[in-house]
Amino acid sequence: MDHADGDGTPGDDRDGGGNAADTGADGVDDGGPTAVLLDVLLNGRPDDDRPQSRKSPVAYGLGTDSFALYELTLAGDVDVSVGDRIGVDGPAVGRYREVSFDDLTRNAAAEIEYAVEAVVEADEERFVDFYNEAGPITLRLHQLNLLPGIGKKLRNDLLDERKRGPFESFDDVEERISGLHRPQEVILERIVEEIREDDLKYRTFVGREE
């Protein structure tokens with residue numbers, strides 16, 4: 001999905017409706033999706049054959065809510081770096097579109113794990129709540145079973161333990177569930193798998209806007 005009118009210059013109108021009046025000085029629009037930057041191409045896309053004077057800086061980003069991947073056409077005077085957060089409907093972005101993992105640059109693909117880790121660490125409660133709220137997918141399959149290394153026993157231990165009280169943190173999950181080591185890394189591994197693999201039958205984290 002491409003969000004712009006015109007030829008891709010920063011002045012194009014965005015479908016999201018964001019504008020400078022609605023957005024803070026940091027370029028993050030409170031009313032639209034935010035992305036962690038994975039790669040910044042100040043000279044534009046290398047496969048863009050237009051003269052340099054007509055090319056705009058391009059970046060690739062990872063949505064913090066849905067983990068969608070974006071290609072962003074940036075305003076010419078924007079000052080951003082890999083790891084920064086940017087509002088895709090903010091004034092720093094003239095145009096954006098969702099892309100697949102295979103569309104990313106090599107540098108952007110290499111940053112995925114770091115970006116996912118930053119998102120999860122910044123919003124721990126949201127992901128701990130997955131352990132508290134995950135439910136069945138089918139009669140035989142539970143959302144918890146989608147996490148790497150969680151089989152029937154660990155799933156049942158989690159379901160039983162959360163009945164006694166919700167998990168408060170990743171440390172709390174690890175302390176209360178014997179055999180579940182590094183519960184944060186388990187979440188990270190599943191998110192990265194969902195981002196990279198287009199043909200997964202079930203998705204829990206990627207593509208779900210909040």
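## Strand 4 and its partners

Strand 4 and strand 6 (residues 93–99) pair in the antiparallel sense over six bridges. Two strands count as paired if DSSP finds at least two bridges between them. Strands are DSSP runs of E with at least two residues, helices are runs of H or I with at least four, and both are numbered from the N terminus.

This is a predicted model, where local features need pLDDT of at least 70, side-chain atom pairs count only at pLDDT 80 or more, and totals for chains, interfaces and linings use all residues. Residues are numbered from 1 along each chain as its sequence is written, and side-chain values use heavy atoms, without hydrogens and water.

Strand 3 is the other partner described here. Strand 3 also pairs with strand 4 in the antiparallel sense.

| Pair | Bridges | Residues opposite each other |
|---|---|---|
| Strand 4 and strand 6 (residues 93–99) | six bridges | Leu69 and Val99 |

Why is strand 4 largely enclosed by the rest of the structure? Six of its six residues (69–74) are buried, so the rest of the structure largely encloses strand 4. Buried means under 20% relative accessible area (1.4 Å probe, protein chains only). Leu69, Glu71 and Thr73 are buried on one side. Tyr70, Leu72 and Leu74 are buried on the other.

Now the whole chain. The chain has five helices and six strands. Of its 210 residues, 49% count as buried.

Note on methods:
Buried means under 20% relative accessible area, exposed over 50%, partly exposed in between (1.4 Å probe, protein chains only).
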